[in-house]
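Here's a quick briefing to read alongside the model. Have the viewer open and follow along.

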Amino acid sequence: MANAFVAAFEILSFGAIIVLIVLGLGIIASMMGIFNFAQGEFVLLGAYITYLAYAKGLPIWAGMVAAPFVVGALGFVLEALIIRRFYAAPIVAMLGTYALGLIIRESVRGLIGGFYLTVPEPIGGSIDIGAMHISAWRFTIIVITLLVMAGCYLLLSRTNFGLRMRATLENPSLARASGISTPLMYGATFAFGSALAGLAGALIVPVFSLYADLGLRFLIQGFVAVMVGGVGSFIGPVAGAGVIGTLSAALPWVMAPVVADVLVFVLAIVFIKFRPQGLIAGKGV
Amino acid sequence: MGAVKRAIPAEIGGEADVVMDSGGTARRASARKVLPIVEGVVLVAALLAPLLLQDYLTVFATRVIILALFALSFDLVWGYAGIMSFGQALFFGSAGYGVALLARDLDITNIFLVLPAGTIIGLTFALLLGGFLLLGRHPSSVIFVSLGTLTGSYAADRLARGWYYLGGQNGIPSIAPMSLGTYEFTEGPAFYYLVLGILVVVYLLCRFLVRSQFGLALAGLRENEQRIAFFGYKAQHLKAIIFTIGGGVAGLAGSLYAFHEGFVWPNMVGVVVSTQVVLYVLFGGSGTLIGAVIGAVIVEGVSFWLSDNYRDIWPIILGLLLLLVILFRPLGLISFVLGERERVGSFGARAKESVKENRDAP
């Protein structure tokens with residue numbers, strides 16, 4: 001019983017981490033049609049900023065708060081300078097963002113060297129429920145993920161900003177005719193997606209420690225999750241991330257980890273092949 | 001991709017084009033052929049290289065030639081058929097692992113057995129993956145194919161890392177050298193000329209292929225897939241065929257690489273090598289066979305030269321250069337000397353100016 005509970009918690013917390021990482025990726029992919037290969041590096045940057053705050057003696061949470069804003073601002077600048085040129089061509093966008101990611105990743109590698117740097121958890125210790133102990137920080141991540149998910153959903157579906165964003169992404173020319181500044185909305189969307197990646201990086205760095213290939217590890221899982229969930233909506237990628245995250249955390253409990261690792265990808269690709277529209281088809285929130 | 005072809009060639013450093021296909025091609029009106037000259041220069045340089053280079057550089061040059069062969073395979077798939085294969089290393093690496101296992105477990109190192117075996121392994125994997133990703137009732141989206149190949153390569157990497165039989169993280173070390181009778185091919189000029197000979201033969205075969213009727217259909221596929229389908233071609237089948245051929249060439253390169261380096265390791269099937277080959281072709285110029293070769297030589301050469309002194313910042317410079325090439329020279333470095341007309345090539349008497357569009361249209 002206790003074991004099953006711990007397993008369930010592990011699975012849930014890994015699922016939450018994947019959802020957190022995929023949120024930004026999904027928003028950029030769904031709303032802008034760009035598969036951002038630099039997203040993993042935005043996660044890495046968020047983690048790096050948190051580490052930097054910790055290394056400079058600032059409280060860790062200060063770094064975690066700063067990370068999404070800094071990464072979001074960087075995303076806004078990159079969108080205006082570079083990403084903007086790629087909208088017409090999805091494959092070129094992949095290559096271009098890959099190049100961007102390469103630059104960021106190698107710069108961070110140059111800064112931290114080949115090390116694995118650890119950042120302590122801002123909320124340490126464990127939560128005890130009877131005889132069971134679960135990590136307080138992982139629990140916090142689950143809570144924050146739920147809050148961020150709800151926040152994003154409300155922002156996109158209930159606010160004026162979200163409405164304009166969706167309008168821009170669904171029909172740019174009509175949106176322009178209605179007086180919405182579409183370049184600004186694209187910039188804001190990309191910045192928002194990057195900021196979410198930065199937040200994800202900041203939150204997961206105590207769990208995974210900081211190393212240059214941190215982002216790469218999640219990137220492909222993230223892409224697969226977006227495709228499984230369905231590009232075009234906000235809910236789709238989140239659902240896909242839930243499925244992929246849960247599967248890749250749950251399967252190693254019942255079979256050899258190597259087989260489980262590969263099986264998740266194979267299942268996902270087969271699923272996408274036969275249901276290209278993903279779990280949740282359609283546009284909108 | 002953008003449907004509008006700019007009539008005026010954009011200057012470098014001028015306003016960048018959004019679309020990959022129209023940025024600054026120096027179009028030459030004259031019928032002067034630049035391509036054979038470039039090919040001839042590269043061949044002569046390659047033939048003379050071992051005479052001028054020191055021994056350890058010949059070993060390096062051999063590796064570059066093998067990687068150029070690998071780049072050729074990606075160029076066939078992306079440059080000619082417009083299939084973004086982000087997992088080309090899957091075929092390269094699995095062939096490498098295949099021949100390494102042949103040498104380790106069955107003591108087969110005969111060149112006439114291992115090279116065909118590697119090619120067949122590459123062909124088979126490409127046929128399976130390509131058939132699955134590309135064929136079917138509904139044409140697959142470009143995004144699906146590129147992410148599917150990427151995922152395939154990543155999954156293979158994870159499998160190779162975790163599978164004890166394949167040596168896990170360490171791969172398979174100290175593979176016996178390739179042999180011909182009692183002669184053993186070890187690193188050095190003999191291996192270099194062997195590899196160069198194979199590259200030339202494969203290059204000529206590819207050149208024949210892309211200049212044939214099949215190549216014409218492929219070029220059409222890259223320019224406008226829908227139109228080719230309306231003409232009655234089975235676009236998906238064409239794609240699967242060229243993807244398989246590309247896999248075979250990658251397999252051949254992979255088996256040569258395994259024997260040349262003497263070991264195989266999980267990175268060889270993974271994302272790192274897959275993206276490496278994309279870099280070569282983008283740098284050199286996709287859609288021209290020689291561009292892929294030149295790209296591999298330049299990227300590896302500069303990387304070798306810089307990595308002694310600037311090991312840390314070299315990948316950053318590479319990223320910046322790649323970004324600049326994508327933004328301002330989408331047709332690669334070869335487009336500095338090669339005109340659009342020659343790049344597309346002429347087929348029989350119907351040498352027409354090509355109007356490039358919709359490479360990525362679903």
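How many helices and strands does chain A have? In this predicted model, chain A has 11 helices and 2 strands. Scores for the model come out at ipTM 0.84 and pTM 0.82.

**Chain A: fold and packing**
- Going along the sequence, the pattern of chain A reads α-α-α-α-β-β-α-α-α-α-α-α-α.
- The radius of gyration of chain A is 19 Å, which agrees with the value near 19 Å for a compact globule of 285 residues.
- Along the principal axes, the C-alpha atoms of chain A fill a box of roughly 60 × 45 × 35 Å.
- Of the 285 residues in chain A, 51% are buried.
- Among contacts in chain A with a separation of 6 or more, 76% link residues 24 or more positions apart.

**A spot to look at: A:Ser209**
- A:Ser209 isn't a glycine, yet its phi is positive, at about 60 degrees.
- You'll find A:Ser209 in the loop between helix 8 (182–208) and helix 9 (214–229) of chain A.
- A:Ser209 counts as partly exposed, because it has 15 C-beta neighbours inside 10 Å.

**The nonpolar core**
- The largest nonpolar core holds 204 residues, and B:Ala68, B:Leu69, B:Ala71 and B:Leu72 have the most contacts inside it.
- Leaving out residues up to four places away in sequence, B:Leu72 touches several residues, including B:Val202, B:Tyr203, B:Cys206 and B:Val249.

**Confidence in chain B**
- Chain B has a mean pLDDT of 78, with 85% of its residues at 70 or more.
- Over residues 349–362 of chain B, pLDDT is below 50.
- Residues 1–30 of chain B also stay under 50.

Conventions
Residues numbered from 1 in each chain as written. Chains lettered and ligands numbered in written order. Predicted model: local features only at pLDDT ≥ 70, side-chain atom pairs only at ≥ 80, totals over all residues. pLDDT = per-residue confidence, 0-100. Contact = placed C-beta atoms within 7 Å. Helix = DSSP H or I, 4+ residues; strand = E, 2+ residues; numbered from the N terminus. Buried ≥ 20, exposed ≤ 12 C-beta atoms within 10 Å, placed from the backbone. Core = buried A, V, L, I, M, F, W, Y, C linked by C-beta atoms within 7 Å. Rg over C-alpha atoms; globule rule 2.2 N^0.38 Å.
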